[in-house]
Amino acid sequence: MPAERLTVAHTSDVGRFPGAAPPTRVELSIHKEGDTKTEDSACRRWFRKMCPCCCKCQESTTYDVTDKVELVTPPTPIPELDGPKPENGNSKEMEVMKLSVSSVDVLSSKTGTNRQEHHTDLYQTEELIVRRGQTFQIEVQLNRPFSADTDKLHLDLRTGPLPLVSKGTHVIIPLVDTLDKKRWGAKIEEQNDNKVKLSINSTANAVIGLYGLTVTTSNLKNETPNAYTSNKNIIMIFNPWCAEDAVFLDDEEERKEYILNDIGRIYYGTEKQIGSRTWNFGQFQEGILETCLFVLEKSDMPPSGRGDPVNVVRVISAMINAVDDNGVLIGNWSGNYSDGVSPAAWSSSVEILRKYHSSNGMPVSYGQCWVFSGVTTSVLRCLGIPARSVTNFQSAHDTDVSLTTDVYFDEEMEPIDYLNSDSVWNFHVWNDCWMARPDLPHGHGGWQAVDSTPQETSQGTFRCGPASVAAIRSGQVYLKHDTPFVFAEVNSDKIYWQRNLDGTFSQIHSEKKVVGHSISTKAVGSDERADITHLYKHQEGSDEERIAVETASRFGSKPDVYSTPMAEDVSVEVKMEGEGPRMGADAQLSIVVKNLSSQPRRTTLHSQVAVMYYTGVVKGTIKKEQLPVELLPNEEKIIEWILPYQQYQNQLVDQAALMLTLSGRVDETKQVLANQTCFRLLTPDLNITPLGKAVVGKEMAAKITFTNPLPRMLKGVVFRVEGLGLQKGHEVFVGDVSGQSTVTLTEHFIPTQPGPRKLVASLDCKQLTQVHGVADIVVLEQ
């Protein structure tokens, strides 16, 4: 039987953007059932005409013995029947109209009960969006009143190209007297003449996605059914308000934050210089839900698998990056973004997702970790999975599954670059999502780490997670998915190795507190930063934390790394004053060396500072020097270290990040000293000042001010401005900005939505990155 094509028009704003492709349509194949009708034989038609009391009508036609009929001589004589015979023109069979559906109203209004009770009224679409495991209502208009004594009615919901009952993608919903939350069912709540209002219950493990709706009617005598397919579809998503749903979150304030909040904050920088930026997740904006469903369709994930949030999250992790599957975003860490948008220039997921959908799945250029995370938060929240963006400072990247971060030196204590594939990123942003984990031992549900930034493959695909945060904390790295990788990011020890003359390596030093600091996310209900390090690891140096590290290491590629304890009596540490060095000025740090013994100590510190990408990849060394140090018993010395502006001004890459590496050997004890410190050069904010009163439908303005902190000209400066409910995202070309000069831009716009809103702006310029600002604006009703 040919399949019916169910189409949903995508009516987002992307079609209005210059150069956008025509609106994309999501298509599902729906196989209609019950389309055939059995023909009666001539004898049967004659017999029904002659004796309607013995042969009941089973077709929609009402037969009357006064009608003109064509009699067909039966092959054998028909015996005379008892009882009175109808006489032509004197009696009629009682006419019974066949029950059929005239129309269906899915009650999809944003202000209606369905959307309000399902917390889907914020979605800017006219489709019916419901959360699974919760009842919703529809109204069915019939051609006559429904009678439970003689009529039957059931619903069919179908999703995917080949809906099957056995796969949960074709759901047959019977009419029942009492709804059972564990089963699909429909109950008549109201009946008014020919109209019935049905209350429909879905199961808490139902497949999410776009469903086509068919209402089928018949009678108790098994006549050929009438099927009516609605021209309105139903979109089903996950339900954190339903206790039976795997994504249930038992805290209303957290549900408001991790599902309903469409604006958040993402953190970056270094652990001692934590920066933050506002990000528009925009999960309710027009066209975004359709885009999320489009992403699922492009993943080739079987629709039957979309009932399990573990599967959905794992697929989303793969689809947000473009490496394997032409997903949403292309990663670029080269510093050259001339054929796309610089990752630091994005402030919103909305434009990225719309661009991907309008181009029918052409990956968007470009993203880095915070952009991948912001888009992932948008998609997961849109689909109903509680999610947040999480930043880990001093984030390790373990490339050989050793669960340690390894640094290799040659015989002269010079780094061996080709072996040093492990790295420590200044910061790395991924996501937490909330769900039960019935596939893991009890106690490992709750927050799960998921990472869409393409770093390492997982089962052959660039994706990561969901990994139980509880498993990460306890070192149970043998639990799926990708728990060893995330554990190494937050709690691996940094092990230093020196090459021996015979080519082997000896462990010469270890640092146990250098990875996984100040793990941050936006606080619930405010714009403050919440430190969630304690969720990922026990307190540094505690017995529990050490046990977790040693437990995890036994499952890595270097299980014996902790077999030889090492004595230490000299320490080296790097400190900075205040917020740290600023862009355009000399960078100054303090090196603190302590002798913890009662004997004098002497060493030579080899220092080198390198320009680096925030991922820990070094671009090149820009300064080297040797620092002789002599310490009296129990003495502490502070060495002032300075990097002049002239030495780094032409060397910086994205994030303006630098890494200072110190190494040395204590002459008396042969103890190895090693320390790596990452720091960034602080950049100024954009100052945004609202002008005038903010009222829906009335023009207002905002002044954006920026001062160039460098003693050099910035080339081709572009501002990107956006405010959900205030104005759509757009670019403003500013041009060249000379050193130390100030630029002022006044934006005029008309607010469209009341309530607290945020106007976000960022600066796009190759010489200066991570410059952005935000203004809080409370918009009043007219």
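Trainee: Which helix and strands each supply at least two residues of the lining of the largest cavity?

Mentor: This is a predicted model. The lining includes Glu-257 and Tyr-258, Gly-264 and Arg-265, Arg-388 and Ser-389, and Thr-521 and Lys-522. The elements that each give at least two lining residues are helix 3 (252-260), strand 13 (263-270), strand 17 (387-397) and strand 26 (517-522).

Trainee: How many charged residues are in that lining?

Mentor: Among the lining residues are Glu-257, Arg-265, Arg-381, Arg-388 and Lys-522. By class, the lining has two nonpolar and three polar residues, and the charged ones number five.

Trainee: How much space lies in the largest cavity?

Mentor: The model has five cavities of 30 Å³ or more. The largest holds about 60 Å³.

Trainee: Now helix 4. How many of its residues are buried?

Mentor: The buried residues run from Ile-288, Leu-289 and Glu-290 through Thr-291, Cys-292 and Leu-293 to Phe-294, Val-295 and Leu-296. Helix 4 is mostly covered, and of its 11 residues the buried count is nine.

Trainee: Is Pro-303 buried or exposed?

Mentor: Pro-303 lies in the loop between helix 4 (288-298) and helix 5 (309-319). The cut-off for buried is under 20% relative accessible area. Pro-303 has 15%, so it counts as buried.

Terms used. Residues are numbered from 1 along each chain as its sequence is written. This is a predicted model: local features need pLDDT of at least 70, side-chain atom pairs count only at pLDDT 80 or more; totals for chains, interfaces and linings use all residues. Side-chain values use heavy atoms; hydrogens and water are left out. Helices (H or I, at least four residues) and strands (E, at least two) are DSSP runs, numbered from the N terminus. Buried means under 20% relative accessible area, exposed over 50%, partly exposed in between (1.4 Å probe, protein chains only). On a 1 Å grid over the protein atoms alone, a cavity is a set of points where a 1.4 Å probe fits but cannot get out, and a pocket is an open set with protein on both sides within 12 Å along at least five of seven lines; lining residues have an atom within 4 Å of a point. Grid points are joined across faces, edges and corners, and a volume is the space filled by probe spheres set on the points. Ala, Val, Leu, Ile, Met, Phe, Trp, Tyr, Cys and Pro count as nonpolar, Asp, Glu, Lys and Arg as charged, and the others, Gly among them, as polar.
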